Each structure stands twice: as C-alpha cells, then as structure tokens.
Amino acid sequence: MNANTLVTDPDTSPARGSDTLPGDTSSGGCGHTRPAVTELRLSAFRSHRSAVFPLGRMTLLAGASGSGKSSALQAYEALALLGSGCDLATAFPEPAECVPEGAVADGQGRRGFRIGCTVDGPAGPVRLDVAVQAEPRLRVVGERLTGGGRTLLTTALRDPSRSVVEAAWHTAGSATVTRGPLPDDRLGTALLPLRVAGSTDAQLQVLAAAEQLVVALRSVFACDPRPERMRKPVPTGPGRLRRGCDNLAEVLHRTRSECAKRHARLAAAARTGCAGAVHDLVVEELASGRVRALLARGGDRGATPVGRLGEGELRYLGLALVLLTGPGVLAVDQVAEVPEAYQSLTVLADGFDRSLDPGQTRQLVALGAEMCARGHIRLVGTINDSSWARGIDGVTVVDLVP
C-alpha cells in the first residue's frame with residue numbers, strides 16, 4: 001500500500017511561506033533564524049513511496065490505522081539520530097522492515113530505502129537525501145546535500161568490498177570539488193564540520209548548510225507517555241524527563257521548585273484535563289527515598305496519587321509536561337555550541353490523541369499551538385481523526401491517504 005499526503009490546512013504550511021506568526025521569535029519575516037525541518041520526504045520507505053510531508057510549527061499527521069503515520073515519525077527520528085552522529089544500526093535497528101513493501105532485490109541481493117528532509121534557516125533551504133542499503137549489509141550507498149541552488153555534498157558507494165563511500169564536496173576555485181572517503185555507516189553531512197577547513201567562501205557555504213541541518217536534526221525529543229510505568233513512585237535524580245514519562249514525579253519534584261510559572265501552567269492544564277476538582281500538582285517524598293506525584297484537590301478534599309488516574313489522564317499530564325518544559329528538562333542531546341536563541345526543540349509524539357477524550361485532545365492541541373507559536377518548540381504528532389483539528393490557528397494538518 002502506497003501512502004500519499006493531503007495537506008488540509010495549506011495556509012499554515014511552511015512550504016508556502018506562511019511560517020511566521022505574530023510575536024514569534026523564530027523568524028524575522030524573511031527566513032528562519034532557528035533551523036527547522038520544514039519537509040520530510042519518504043521517497044521509498046516502508047509503505048510510503050514518493051511521499052512528501054510539509055511540516056509547520058505544529059503538525060498533526062492524520063489517518064487510519066495502517067496509513068503510515070508511525071512510519072513517518074520513525075523516519076524523522078532516524079534522521080535525527082543520524083544527524084547526532086549515530087550509526088545506521090542505531091537509527092535503523094530493523095532495517096529490513098524499512099524496505100518498501102514489494103521491493104524486489106537486484107541480481108546481487110540488494111534492497112534498500114530512501115528518505116530525506118529540508119531544513120530552513122539562516123543559510124536558506126537546505127535539502128538532504130539519503131539512500132540506504134538494508135540487505136545484504138546495512139550501509140549508506142548515496143547521499144546528497146544541496147542548498148543555494150548548488151550541490152554541496154554527494155557520496156556514492158564505488159567499491160562494495162570496502163566500508164567507505166566516495167564523497168565529493170563543493171570547494172570552488174581551481175578544484176571545484178574535494179574528494180575523500182567517508183564511512184558508509186554514518187551520515188556524511190554530520191561529518192563535514194570535521195573535514196572542511198572553511199577557508200574559502202565555498203567551504204563556508206558547505207559548512208553553514210551542514211551545521212544548519214545538524215542543529216535542526218539533533219534537537220529532537222521522541223515522546224510516548226506510558227501510563228503503566230507512570231503509576232509507581234520513583235527515585236529522585238537529575239530530573240530529566242524520559243521518553244515514556246515514567247519519571248514524571250521526579251521531574252515535577254525539580255520543576256515545582258525551579259520554575260513556579262511553568263508549574264502553575266501545568267497545574268492549570270491538570271484542572272482542565274483531569275476529572276474532579278484540581279487545586280495543584282504536588283510531590284510527596286516517601287520514607288523509601290522515592291517520590292510520587294499527587295493531584296491536590298483543595299480544602300479538606302485531600303489528594304489523589306497520579307497512580308490512581310486513568311490512562312488518558314496520565315498521557316495528558318505527560319504530554320502537557322513535555323510541552324511546558326524545554327531541553328534543560330527533557331532527556332535530549334542539547335547542541336551546547338549553538339546559542340539557545342538559534343535552537344528549537346522538536347517533539348515527536350506518536351499517538352498524540354491515544355487514550356484521550358475529545359476535550360483533553362483539544363486542550364493539548366491548544367497548549368501545543370501556543371507553545372509552538374513562541375518559537376522555541378515544534379511538534380509533530382500523529383492522530384486518527386483530524387476533523388476537529390482543521391482550522392485551528394497555528395496547526396498544520398496532513399491527512400495520509402492510502
């Protein structure tokens with residue numbers, strides 16, 4: 001089954017130049033100052049062929065089960081891992097599953113897949129496309145980085161017996177390109193800052209494009225709150241929220257004392273998304289040295305441990321906490337060498353509406369749109385039904401059509 005896309009909210013699509021909202025610090029009106037992935041391409045990946053996903057500040061991929069929503073997020077996360085310097089085996093632990101359905105091996109038994117993205121930023125739109133061989137051995141067989149109307153990097157597998165690809169990057173001057181080997185199990189673009197001197201204008205263009213793409217890809221937090229893991233008390237620690245939000249109480253223990261304003265916003269979100277009266281979110285320190293989170297009901301109504309909440313309420317709290325915090329609280333690899341003003345965190349939330357009732361979903365989307373409009377955070381989530389989301393300011397809805 002091939003999956004195509006239909007953008008039902010085109011006015012918010014960054015591909016059409018409408019990625020600026022009043023009060024947003026991520027763009028100056030003539031381009032992005034914070035590098036951001038504005039397009040994901042699945043040329044041949046799992047059930048997708050020639051699929052293009054335009055990405056705004058907050059993008060919801062909608063479609064029925066089996067339409068390829070989760071596959072799109074998997075490809076995005078894999079690109080993020082490669083941009084962070086991880087090898088292919090880390091980014092694609094089951095590479096054979098990424099090969100398009102029905103793909104036939106060639107005479108040498110080779111099969112693979114192709115993905116890519118576009119990153120907008122100070123260097124203008126920069127495009128990356130990667131071809132990966134999944135069988136008989138996992139390796140990059142081709143990569144292309146383009147920007148400013150010019151091919152900045154290409155790689156190609158010339159000798160299958162060697163674990164390298166031949167790379168050529170733009171240098172201008174008497175030699176228009178510089179050639180050299182790069183490992184075949186990593187993204188060449190992420191290695192360019194270590195290989196390019198930056199002594200000419202052409203080399204500086206290559207470095208600017210590569211660094212812009214790496215900055216946008218590295219700042220990604222894949223989030224999937226797991227209610228069954230969020231119910232028990234947890235040890236105190238560094239207070240960095242994990243992917244499954246299972247250490248929610250530990251993070252609340254930290255943020256409640258460090259950021260009263262954001263904690264108050266989270267308590268307000270709990271009042272609208274949890275059943276019954278909610279006065280505050282509090283943390284109780286137990287004799288065992290562990291902590292647990294509770295909903296303070298106010299007055300003499302006591303408190304309810306979050307472990308007694310329903311799955312929808314727990315997922316709602318986990319996602320709200322993600323949206324209201326930032327890289328300093330989430331377990332992500334921050335780009336320490338880049339000023340915070342030039343970074344934006346992208347949250348990937350598969351099953352954004354899973355277990356939530358319509359009211360909880362609307363509240364979370366409103367909160368997400370508000371936080372994304374401020375420019376320091378972006379979100380790509382998947383939902384089953386997009387009928388309620390159309391027309392919401394600041395939200396791009398992409399319907400996947402089987």
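Which strand pairs with strand E5 (residues 111-120) in the antiparallel sense, and over how many bridges? Keep that in mind as you start the tour; the model on your screen is a predicted one.

**The whole chain.** Begin with everything shown as a cartoon. Of the 402 residues, 53% count as buried. The chain exposes about 17000 Å², and carbon and sulfur atoms supply 50% of that area.

**The sheet.** Next, colour the strands of the open sheet in their order, E3-E2-E5-E6-E7-E8-E9-E10. These eight strands have antiparallel pairing. Now select residues 48-54 (E3) and 177-183 (E10): these strands stand at the edges with a single partner strand each, so one side of each has no neighbour in the sheet. Going from one strand to the next, the twist averages 15°.

**Back to the opening question.** Select residues 111-120 together with 126-135: the partner of E5 is strand E6, and the two are joined over nine bridges. Zoom in on Gly 112, and you will see Gln 133 of E6 standing opposite.

**Helices on the sheet.** Select residues 69-83, helix H1, which packs on the sheet and touches E2 (36-45), E3, E5 and E6. The direction of H1 makes about 115° with that of E2. Then select residues 201-218: this is helix H4, lying across E2, E5, E6, E7, E8 and E9. Helix H4 runs at about 100° to E5.

**Two cysteines.** Finally, show Cys 98 and Cys 372. Cys 98 counts as buried because its relative accessibility is 0%, and Cys 372 counts as buried because its relative accessibility is 1%. As for disulfides, the count comes to zero.

Definitions and conventions. Residues numbered from 1 in each chain as written. Predicted model: local features only at pLDDT ≥ 70, side-chain atom pairs only at ≥ 80, totals over all residues. Heavy atoms only, no water. Disulfide = S-S within 2.5 Å. Buried < 20%, exposed > 50% of the residue type's maximum accessible area, 1.4 Å probe, protein only. Areas by Shrake-Rupley, 256 points an atom, 1.4 Å probe, with all protein chains shown as cover. Pairing = 2+ DSSP bridges. Helix = DSSP H or I, 4+ residues; strand = E, 2+ residues; numbered from the N terminus. Axes fitted to C-alpha atoms, helices over the stretch in contact; angles between N-to-C directions. Contact = heavy atoms within 4.5 Å.
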